[in-house]
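Subject: Structure handover

Hello,

The sequence and structure are below. Please look through them before reading the notes that follow.

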Amino acid sequence: MDEQRAGMSCYFPGCNEKGTTKEHIPPRSFFPVGERLQLLTVKSCKKHNNDKSTNDLYVLAQICMNASPSNRAREVFQERVAPQLSHNNDMLRRMLLKGAFKVRGGVAYPVDHARFDEFFTALSCGLIYKSQKAPLPSDYKVSHIYHRFISDADAERQALEAGIDRFYDGKPLDFMSFGNPDLRNERIYTVEIHGLPGFQGSITIVHKFFGVFKVTSMLTRFVSRKGGDPM
Ligand SMILES: [Zn+2]
């Protein structure tokens, strides 16, 4: 793909539409007013911009609830999520309540993993576009591990099975932080990108929200063998 074309098209891998709108990465809705100046934008087609907006608030709400008792998670939930709960005929509230059940001492809200996967794939692709100045090639497979949703033992086993440690090369290729730290030095979102420059192999992205909610995205190139496939 020539550079001129790469600069005009949508950030989403494999999408050939023109990037006629701007997509914020991470989403604007994650940040209190006044902390948005630090955000990055990528060019996006209409579809890949609109697709995400419903997911954003759902994901933010779940992250805030699962990052508790983190200090800023509560603040962000109150400012960004709470006022939206009853919009559009209670859409967000109904999304969050879907499948909810009572547990000792409260209510558990099951997580819609498909929504999370969509969100984190889009976020990862946006970060790559910004960091590498090119869209992620469409022969990459993207998957995510949500360390906060399952027991530590499960997360560790899952990471081992995925061979995640071989993706870390120690030094991040890129590091970005978003949101002003408060008294406890808690940033809303930080991200580390590990891998080789120029899309020569696998890439690992470590996202952290409020310093505690960790998600690892693994971007694996599955047809990258230079020597060609054995017959
Ligand atoms: Zn697109």
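**Confidence**

Within the protein chain, confidence (pLDDT, the predictor's confidence in each residue, from 0 to 100) is lowest in helix H1 (residues 3-8), with a mean of 54, and highest in S8, with a mean of 93. The pLDDT falls below 50 over residues 1-5, and this stretch has one contact in the model beyond near neighbours in sequence; two residues are in contact if their C-beta atoms, placed from the backbone, lie within 7 Å. Where pLDDT is low, the predicted coordinates should not be read in detail. The chain as a whole has a mean pLDDT of 83, and 83% of its residues reach 70 or more.

This is a predicted model, in which local features need pLDDT of at least 70 and side-chain atom pairs count only at pLDDT 80 or more, while totals for chains, interfaces and linings use all residues. Residues are numbered from 1 along each chain as its sequence is written.

**Overall**

The protein chain has six helices and nine strands. Helices (H or I, at least four residues) and strands (E, at least two) are DSSP runs, numbered from the N terminus. Of the 231 residues, 30% are buried; buried requires 20 or more other C-beta atoms within 10 Å of a residue's own, exposed 12 or fewer, and partly exposed is in between, with C-beta atoms placed from the backbone. Among contacts between residues at least 6 apart in sequence, 61% join residues at least 24 apart.

**Sheet**

Five strands make an open sheet, in the order S5-S9-S8-S7-S6, with antiparallel pairing. Two strands pair if DSSP finds at least two bridges between them. The edges are S5 and S6, each with a single partner strand, so one side of each has no neighbour in the sheet. From one strand to the next the twist averages 15 degrees. S5 and S9 run antiparallel and are joined by seven bridges. Tyr146 is opposite Val215 in S9.

Helix H5 lies across S5, S6, S7, S8 and S9, at about 120 degrees to S5. For such angles, axes are lines fitted to C-alpha atoms, for helices over the stretch in contact, and the angles run from 0 to 180 degrees between N-to-C directions.

A nonpolar core is a set of buried Ala, Val, Leu, Ile, Met, Phe, Trp, Tyr and Cys residues joined through C-beta atoms within 7 Å. The largest one has 44 residues, of which Leu60 and Cys64 touch the most other members. Two or more residues each come from helix H2 (46-67), H3, helix H5 (113-132), and strands S5 (140-146), S7 (189-195), S8 (203-209) and S9 (213-221). H5 gives the largest share, eight residues. Apart from neighbours within four places in sequence, Cys64 is in contact with Ala73, Val76, Phe77 and Val81.

In helix H3 (residues 71-81), the buried residues are Arg72, Ala73, Val76, Arg80 and Val81. They span an arc of only 110 degrees around the axis, which puts them on the same side of H3; the arc is that of the directions from the helix axis to the C-beta atoms. Gln78 and Glu79 are exposed on the other side of H3.

Helix H4 (residues 87-97) lies largely in the open, because one of its 11 residues is buried. Asn88 is in H4 and is exposed, with 10 other C-beta atoms within 10 Å.

**Backbone and individual residues**

Most residues other than glycine have a negative phi, and most peptide bonds are trans. Asn88 has a positive phi, near 45 degrees. Lys133, in the loop between H5 and S5, also has a positive phi, of about 60 degrees. Just after H4, Gly99 has a positive phi of about 75 degrees. The peptide bond from Ile25 to Pro26 is cis, with omega near -15 degrees, and Pro26 is in the loop between strand S1 (21-25) and strand S2 (40-44).

Val42 is in strand S2 and is buried, with 23 other C-beta atoms within 10 Å. Val42 and Lys130 are 88 residues apart in sequence, with their C-alpha atoms 7.0 Å apart.

Pro172 is in the loop between helix H6 (152-161) and strand S6 (174-178), and counts as partly exposed, with 16 C-beta neighbours inside 10 Å. Leaving aside neighbours within four places in sequence, Pro172 is in contact with Glu192, Ile193 and His194.

Regards
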